[in-house]
Amino acid sequence: MSAPARTVAFVDGVRTPFGKAGDKGIYANTRADDLVVKVIRELLRRHPELPAERIDDVAVAATTQTGDQGLTIGRTAALLAGLPKSVPGFAIDRMCAGAMTAVTSVAGGIAFGAYDVAFAGGVEHMGRHPMGEGVDPNPRFLSDKLVDPSALVMGQTAENVHDRYPAITKERCDAFAVRSQERFADAVKAGKIGPELVPVATRHPELGWDLATEDEPPRPGTTMESLAGLKTPFRPHGRVTAGNAAGLNDGATGALLAGEDTARELGLPVGMRLVGYSFAGVEPEVMGVGPVPATEKALARAGLSISDIDLFEINEAFAVQVLAFLDHFGIAEDDTRVNAWGGAIACGHPLASSGVRLMTQLSRRFAERPDVRYGMTTMCIGIGMGGTVIWENPHWEGNK
């Protein structure tokens, strides 16, 4: 006898400040698993109404699962965070959509009745573990022409998206990047960005201890003129630059998911309700278009249309992939429903962690917008995929 699916609630999400990857970045001497520990402990600190032993599983994503991002990081981070040894954990890899997949995975367990409460998050320390570190792609990918040679270099795939959509010019991408920086800076000043951040103690071998309290990557004051002269590292006279793409970053995110009935029982807040989600595959050499079929699939399964979505959080791996999504659905590139508080071009994209950043930001936007019923988090994924999750606002006035 099958039980009806339960409503899945996004309870709350937090993240570390995001850092720049490399020897000069704020997390150069900080372990990746310790970043995950910080977000687990912070969520428990913010929600004393949740007994730690009620967490049924811990799903943590990392794209490069080696070193301090290996050893089944969901389980090891749970132990390091002081959760009861009875709380299990596991690791996930779906490249950029790791944390997004962590959420959808545990959400399925909650809906099915296998879990009541679960932690889902992601981490990427790109300074310690550059994307692709230690991988050994099967030579048949190229010898059998299964993928284009550019498919394994994300910046080249973004240039390929430009080729496919010539109307998306470098100037449009630079303008989008400037707007992302401006919106993010305005959101920080207004206190929209900041309350979800977990301060992280950092240590420099020569300078001693410090406290990371804000994102390192943003470049407030970015202008079209400052972006115009940047190099195009992926193609001579190309269109993708360090200014209109997310950088290489370090950081961790985490969220609590629960059955809405359990959340009400424990007194946990309900930030969002899960409506549905989909992942879709595309040609790996144009992975940036992945959010389009993923979104069409998610909307169809939910019985919704793009006009039903009033808030969008789109991961800004590259400006061109966001613009390809917006052009496809007929949405203006300066639409205030889209990334109203800026995005990854400003704050950074530590690969597997970014999905929960999008969700945390959408949840906070929902709280301010009771006039909005549905929102969406979507992102492109390396090796040719896209992922989309549709959420309902529990504060929607129509619920009353």
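A cavity here is a set of grid points where a 1.4 Å probe fits but cannot get out. The model is predicted. By this rule, the count is 1 cavity of 30 Å³ or more. The largest cavity holds about 30 Å³ of space. Its lining consists of Phe176, Arg179, Ser180, Arg183, Glu316, Val338, Asn339 and Gly342. By class, this lining divides as follows.

| Class of lining residue | Number of residues |
|---|---|
| nonpolar | 2 residues |
| polar | 3 residues |

The largest nonpolar core has 39 residues, of which Phe312, Phe318, Phe325 and Leu326 touch the most other members. Two or more residues each come from helices H5 (154-164), H6 (170-189), H9 (291-302) and H10 (319-329), and from strands E10 (309-314) and E11 (374-381). H10 contributes the most, 8 residues. Another core lies apart from this one; it has 37 residues, including Met95, Tyr115, Leu257 and Leu358.

Leaving aside residues up to four places away in sequence, Phe312 is in contact with Ile306, Phe325, Ile331, Arg337, Val338, Asn339, Arg365 and Met376. Val338 and Asn339 also line the largest cavity.

Helix H3 covers residues 98-112. Its 15 residues should span 21 Å at 1.5 Å a residue, and the end C-alpha atoms are 21 Å apart, so the two values agree. H3 is mostly covered, with 11 of its 15 residues buried. Among the buried residues are Gly98, Met100, Val103, Val106 and Ile110. Just after H3, Gly113 takes a positive phi of about 100°.

How values were computed
Residues are numbered from 1 along each chain as its sequence is written. This is a predicted model: local features need pLDDT of at least 70, side-chain atom pairs count only at pLDDT 80 or more; totals for chains, interfaces and linings use all residues. Side-chain values use heavy atoms; hydrogens and water are left out. On a 1 Å grid over the protein atoms alone, a cavity is a set of points where a 1.4 Å probe fits but cannot get out, and a pocket is an open set with protein on both sides within 12 Å along at least five of seven lines; lining residues have an atom within 4 Å of a point. Grid points are joined across faces, edges and corners, and a volume is the space filled by probe spheres set on the points. Ala, Val, Leu, Ile, Met, Phe, Trp, Tyr, Cys and Pro count as nonpolar, Asp, Glu, Lys and Arg as charged, and the others, Gly among them, as polar. A nonpolar core is a set of buried Ala, Val, Leu, Ile, Met, Phe, Trp, Tyr and Cys residues joined through side-chain atoms within 4.5 Å. Buried means under 20% relative accessible area, exposed over 50%, partly exposed in between (1.4 Å probe, protein chains only). Helices (H or I, at least four residues) and strands (E, at least two) are DSSP runs, numbered from the N terminus. Contact means heavy atoms within 4.5 Å. The expected span of a helix is 1.5 Å times one less than its number of residues.
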